[in-house]
Amino acid sequence: MPLPVPESAFSEGVPDREGASVQETFELFSALAPKGWRVELIEGEIYVGPPANGDHEEIVTEVVEQVIARRVDRELRNFTGIGLGLPGIADPVRVIPDLVIAPKGSFDDQQEWHEADPVLLVAEVTSSSTASRDRVQKIRAYARAGIPLYLLIDRDANEAVVCSEPSGDDYGHKSIHKLGTQVPLPSPLGFTLDTSEF
């Protein structure tokens, strides 16, 4: 569910935005968001979320450490806080995944929103405020962009879901694993993620 923005978020210096497009409103929310908050635009809805909690970040860090240790391609890098601009049905999609894996040099520019072409994997770790869109809208957005792998660490369901073979608005293959088990990540990563530390 999109989060409402309190009227107090708008100061006197902000121009009247009545009749603004979704994209213009998204840009305004992004400019006003406190440091560390994420503002995303998915399927025409603007979502504003607070910084992640420690448990969430522990899981993201564990995935990052394992990717570094087990990657076959030594040129792969882990990126957190990278904005991706993805194709949408009506409006563009703007997301900031918990983790992006792509070749070295994929984002060595000054852009705020990057194309998804070099991305090999995106990962999301659910929080109470993000779980429903991580499970539904983001699957559609990542598949539509042709991102080869989507790893969803669903803390509420105690599961790791590996989505591969993007086709249209969905992934052709989804494997579900209980957290605490070994989770195979298919090509282009091709290693097993140990979720026992999650």
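## Strand S4 and its partners

Strand S4 pairs with strand S5 (residues 93–95) through 3 bridges, and the two run antiparallel. Strands are DSSP runs of E with at least two residues, helices are runs of H or I with at least four, and both are numbered from the N terminus. Two strands pair if DSSP finds at least two bridges between them. S4 and S5 make a hairpin, with 6 residues between them. Leu86 has Val93 in S5 as its bridge partner.

S4 also joins strand S7 (residues 113–114). Here there are 2 bridges, and the strands run parallel. Gly83 stands opposite Trp113 in S7.

## Model basis

This is a predicted model: local features need pLDDT of at least 70, side-chain atom pairs count only at pLDDT 80 or more, and totals for chains, interfaces and linings use all residues. Residues are numbered from 1 along each chain as its sequence is written, and side-chain values use heavy atoms, with hydrogens and water left out.

## Burial of S4

S4 spans residues 83–86, and both of its faces are covered. Gly83 and Gly85 are buried on one side, Leu84 and Leu86 on the other. Buried means under 20% relative accessible area, with a 1.4 Å probe and protein chains only.

## Aromatic pairs

The structure holds 3 aromatic pairs. Rings of Phe, Tyr and Trp (its six-membered ring) pair if their centres lie within 6.5 Å; planes under 30 degrees apart count as stacked, over 60 as edge-to-face and the rest as tilted.

Phe26 and Trp113 form a tilted pair, 5.8 Å centre to centre with 50° between the planes. The pair links distant parts of the chain: Phe26 lies in helix H1 (residues 22–32) and Trp113 in strand S7, 87 residues apart. Phe26 and Trp113 are both buried. Tyr142 and Tyr150 pair edge-to-face, at 5.0 Å centre to centre and 65° between the planes. Tyr142 and Tyr150 are buried too.

Terms used:
Buried < 20%, exposed > 50% of the residue type's maximum accessible area, 1.4 Å probe, protein only.
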